[in-house]
Every structure is written in structure tokens, then in C-alpha cells.
Amino acid sequence: MVRTRVTRLAKVVGLTGLVGLTATGCSVDEVLRFGWPTGITPQAERMRELWTWSTVAALVVGVLMWGLMLWPVVFHRKKSDELPRQTQYNLPLELIYTGVPFVIILVLFYFAVGAQDFVNDETEADVSVDVVAFQWNWEFRYPDEQNQQGQPVSTVGSSEVIPLLVVPTQRVVEYRISSKDVLHSFFVPDFLFKRDMFPRPEKNNSDNVFQNVIDRPGAFVGRCAELCGTYHAMMNFEVRALEPDLFDDYLDLRKRTNLSTGAPYSAGEALAELDCGELCTPTAITTRPFDTRRDANSFTGGSADSGAGSGGN
Ligand SMILES: [Cu+2]
């Protein structure tokens, strides 16, 4: 009687699980990601490993606990009014179920710190970029690269132009982040990484330097991830990761004077000149500029405007 019920239950559970696994159309790799997005840096991959194994550990504990709960439900149903054997205040048992979770926490902590150290690790950088955030845009400066005017190569965003942060693949890129006004946060979803940006980081005693290596060429949207004012949501930029040789050509161009304008090559002009296909598109392809219309929206003068930009006030 109990046997058949248990077998039937096992069949239903088994079938449900099988349908769940096959009907989702996930690959083994996707299943083992447990929902973790695909990153483009070794740092992101290391965090993914931590996530996968933490989830596996949680599942092992979960399956064990479900088993311990279901076992009495199935096999130890009430048979008579006699009170079953009581086992509370069992010191060895209590020591075990206090000790085991503590060990689990220690192991998780050990691997979490390992992954964090890997992500925060700094070695000798191949390229350094000063990333400066301001309400509500970005400047990317290459402090070691000077143009013919003796100024560092720099890209600044505006209401008309999304700034492009052009970096090489397969090389160590160092980002030194800071803010000109309020708190912002550097966030590139494909890096699976973000970090708050403070004004005058050296005075704030904040670690404003991090590094990564980008695995593959591409255009990746970047965002501000700290609510920094009315147009916070429009404060986007784009990472353009180019093959190392192409990146070198890009920097060379940025240092030279564009004869048709008489000024140093801008990011867009240099990319257009390199003409490497989609990744050399002179304007952003992952996001578009937003006119902050600060004058039109200010409270002093100007008519009431029901446009898209007024919602944040
Ligand atoms: Cu911001």
C-alpha cells in the first residue's frame, strides 16, 4: 500500500523533473551557470565559478534537508497514539548541527575571499585610463598618451555624443576612477563589475583603481549605477574593445592632428579612419545620446515641458 504510493510519487517527481530539464532547452553549460550572465573578462569567469560552486553546495544542503524532511513524512506517519521516542537535548547532535553550518560558512568565506582577491588583483598595467564621471556624462583620459599639443588623449561625452571608452583586448587595462561632483558608479554589465566613484578618491581613502583583461573584441554598453541626479538613467557610455594592433593604430591616430579639422583626432574620427567594420563605427552602437536640455528644463524661465526629460524631477 505504502510501497505503491511511494513508487507513484517517485514517478511523478521524476517525470516532472525530466520535463523541466528537457523542456527549458538549456545546455549543460547554461544549467551549470545557474542564471549567472556571461562575462567577457577572466574576472567575470572567476566570479561565475564561485557562483556555480556556491549554488552546488546550497543544492547539496537543500537536497539533504528535503530528504530529512520528507523521510519522516513518508515513512513515519502516525500509527498509534503512543508518543514516539523523544530525542531533544541530544548534546552530540546539537554540536554537529551547530558545527557543520559553521564549517560551511568558513568554506564559502574562504572561496569568496579568493575570488574577490582575484578580481581586485593589480599587476603591471598595459594601458591606463582615467575615468572621470560628472553630472551626467563621462571623460576617458589616457594619461600616458599625449597628443601633439602636449595634452593627454581624452574623450568627453556630451548631449550629442556618447563617449567611447576604447581599450585593447588581451591586455591588462587599468581603470582609475573618480568623480567631479557627486557619487557615481562605473558599471559595464558585460564586465559583471561595478565600482562607486568618489570625488577626490585620495582624500576619501578609497581604492579607485581596478584592472581587467577583455577576452574578445566588441561594443559593450556602460552605465552609471549610482543615483546621481535627474539624468542618472541617461548617463551611458560604450566600451569599444579592439584587437591590440588595431588599438595601437587607434592611439597613434588620437595623438595626431586631423588635417581636415586642424585639431587632434577625436575618438569617432580615429575610428572612422581605421575603418574596421562595425567596431569602427564612429558613434555608439549600444546606446544613444540623450539631450539633458538643462536650459529648457530649469526652473528659472523656460516654459513647462512635458517631454521625456522632465520625469526625474
Ligand atoms: Cu552618475
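Contact, as the term is used in this report, means heavy atoms within 4.5 Å of each other. Helices (H or I, at least four residues) and strands (E, at least two) are DSSP runs, numbered from the N terminus.

The model is predicted: local features need pLDDT of at least 70, side-chain atom pairs count only at pLDDT 80 or more, and totals for chains, interfaces and linings use all residues. Residues are numbered from 1 along each chain as its sequence is written, and side-chain values use heavy atoms, with hydrogens and water left out.

**The helix pair**

Two packed helices are described by the angle between their axes and the distance between the axes. Helix 3 (residues 42-75) packs with helix 4 (residues 91-120) at an angle of about 170 degrees, and their axes are 9 Å apart. Axes are lines fitted to C-alpha atoms, for helices over the stretch in contact, and angles run from 0 to 180 degrees between N-to-C directions. Helix 3 and helix 4 are therefore roughly antiparallel (angles over 145 degrees).

| Helix | Residues in the contact |
|---|---|
| Helix 3 | Pro42, Gln43, Arg46, Met47, Leu50, Ser54, Val61 |
| Helix 4 | Ile104, Leu108, Phe111, Ala112, Gly114, Ala115, Phe118, Val119 |

By class, this contact of helix 3 with helix 4 has 11 nonpolar, three polar and one charged residues. Here Ala, Val, Leu, Ile, Met, Phe, Trp, Tyr, Cys and Pro count as nonpolar, Asp, Glu, Lys and Arg as charged, and the others, Gly among them, as polar.

Glycine 114 lies in helix 4 and is partly exposed, with a relative accessible area of 26%. Buried means under 20% relative accessible area, exposed over 50%, and partly exposed in between (1.4 Å probe, protein chains only). The C-alpha atoms of glycine 114 and methionine 47 are separated by 9.9 Å, although these residues are 67 residues apart along the chain.

Five strands form an open sheet in the order 3-2-1-5-8, with mixed pairing. Two strands pair if DSSP finds at least two bridges between them. Strand 3 (152-156) and strand 8 (209-213) are the edge strands, each pairing on one side only. Strand 1 (residues 127-134) and strand 5 (residues 172-179) run parallel and are joined by seven bridges. Tyrosine 175 in strand 5 is the bridge partner of valine 129.

**Helix 7**

In helix 7 (residues 267-274), Ala267, Gly268, Ala270, Leu271 and Leu274 are buried. These buried residues pack against strand 3, strand 4 (164-168), strand 10 (236-242) and helix 6 (244-255). Just after helix 7, aspartate 275 takes a positive phi of about 50 degrees.

How values were computed
Parallel < 35°, antiparallel > 145°, perpendicular 65-115°, else oblique.
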